[in-house]
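Hi,

Here's the structure I promised to pass on.

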Amino acid sequence: MKFDSVFPASRPVLLIAPMQDVTDLPFWRVLHRYGGPDIYFTEYFRVHSTSVPDKPILHAIRNKPPGKPVIAQMIGQDIPALVRTAEALQKENIHAIDLNIGCPAPVVCKKSSGGGLLRHLDHLDNIITELRRVISIPFTLKTRVGFDNIAEFDNILQLYANHKIDALTVHGRTVKEMYRSEVHFDLIARAVQTMPCPVFANGNVISANIGREVATQTKAAGLMIGRGAIRNPWIFDQLRELYANGEVQTRATLLDVREYVEFLYHETKPEGFTEKLQVAKMKKYMNFIAQKIDANDEFAHQIRRVETEKDFFQTCDRFLNSDTPFEPETPEKALVNAGNPRVDCY
Ligand SMILES: Cc1cc2nc3c(=O)[nH]c(=O)nc-3n(C[C@H](O)[C@H](O)[C@H](O)COP(=O)(O)O)c2cc1C
């Protein structure tokens, strides 16, 4: 199937960013209930000499939201292992295979995987050559704009442009910049001009208006959204509305956020999980959802301290039982800074 056959005609294609420990099947189902992206990404398959494809991720692919394409991401640097995994994955019902060239976790980079590949461009070149040789379905890359410095990006782009890849996602930061810096949207625009394939813009798209601005500024074929979708699962439908009608019609209130949090709680609770574990798991999502709900950030502060399900929902009630409009991008900086994932965890 042609990669862009799933792209809508009159607006950028919308993708949920791959997020380790977040974009699993339960979270996909939650997003799907709110309209969801056009394309779903898996968490990454860890690939090394003795790895086999991770069963829960395969289960997610086999039970994906109906009618929606899925891209399976791999992370690794061992060529025979990557080839072996790609061959196995392409037998699954997936739209494309993606290679992670951006993970900044020191433990990953030290092994020259993820973002670490940007320090070994010859090896990266060989990986892409060998993967392209065996992958007969679409093959995509997700990159940062350099390891230490944005000056590296032209070389990196040239390397990608020399291969027949089907799409490139650019997270507009270097590996060193992690998650908090400004996003280099000018470099994403440069990638759009340079690459013969579709380019997806990624980084800090936290509202429909910002998404449209980023797409206009970069001319990207698609928008990949990560933390903004955890906080605001309506964002994909809001972008569709913005493109279709020139304005956003879906406006969530804090009560809608309360309902979303409750749905997330129950939908993402694995069978047999204790209340304590699920409350701890919810805090990972609440890092993004609870910021700047109230002026003093009391909600974010208090929700970090709860331990029981009862306390969790009572705290939600204290701050979210109101028809006050929910502002996904207020203030923008706070959300972006709050959304710094624990990079040692993937
Ligand atoms: C919790 C978390 C886990 C992530 N895991 C992955 C991953 O497995 N693969 C990947 O390519 N990027 C991963 N990322 C990076 C995101 O895909 C995305 O590039 C980054 O968050 C910037 O986009 P955003 O500002 O829309 O969140 C992760 C980010 C977060 C917040």
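I started with a helix pair: on the helix 3 side, Ile79, Leu82, Val83, Ala86 and Glu87 meet Asn126, Ile127, Glu130, Leu131 and Val134 of helix 5. By class, that contact of helix 3 with helix 5 has seven nonpolar residues, one polar and two charged. Bear in mind that this is a predicted model.

As for geometry, helix 3 covers residues 79-89 and helix 5 covers 121-134; they pack at an angle of about 30°, and their axes are 10 Å apart. An angle under 35 degrees counts as roughly parallel, so helix 3 is roughly parallel to helix 5. The crossing of helix 3 past helix 5 is right-handed.

Next, Asp24. You'll find Asp24 in the loop between strand 1 (13-16) and helix 1 (25-33). Leaving aside residues up to four places away in sequence, Asp24 touches Glu43, Pro56 and Ala60. Asp24 and Arg119 are 95 residues apart in sequence, and their C-alpha atoms are 30 Å apart in space.

Now the whole chain. The protein chain has 15 helices and eight strands. Its radius of gyration is 20 Å, close to the 20 Å the globule rule gives for 346 residues, so the chain is as compact as a globular protein of that length. Along the principal axes, the C-alpha atoms fill a box of roughly 55 × 45 × 40 Å. Of the 346 residues, 46% count as buried. Among contacts between residues at least 6 apart in sequence, 72% join residues at least 24 apart.

Cheers

Definitions and conventions: Residues numbered from 1 in each chain as written. Predicted model: local features only at pLDDT ≥ 70, side-chain atom pairs only at ≥ 80, totals over all residues. Axes fitted to C-alpha atoms, helices over the stretch in contact; angles between N-to-C directions. Helix = DSSP H or I, 4+ residues; strand = E, 2+ residues; numbered from the N terminus. Parallel < 35°, antiparallel > 145°, perpendicular 65-115°, else oblique. Left-handed = near helix turned anticlockwise from the far one by under 90°. Contact = placed C-beta atoms within 7 Å. Nonpolar A, V, L, I, M, F, W, Y, C, P; charged D, E, K, R; others polar. Rg over C-alpha atoms; globule rule 2.2 N^0.38 Å. Buried ≥ 20, exposed ≤ 12 C-beta atoms within 10 Å, placed from the backbone.
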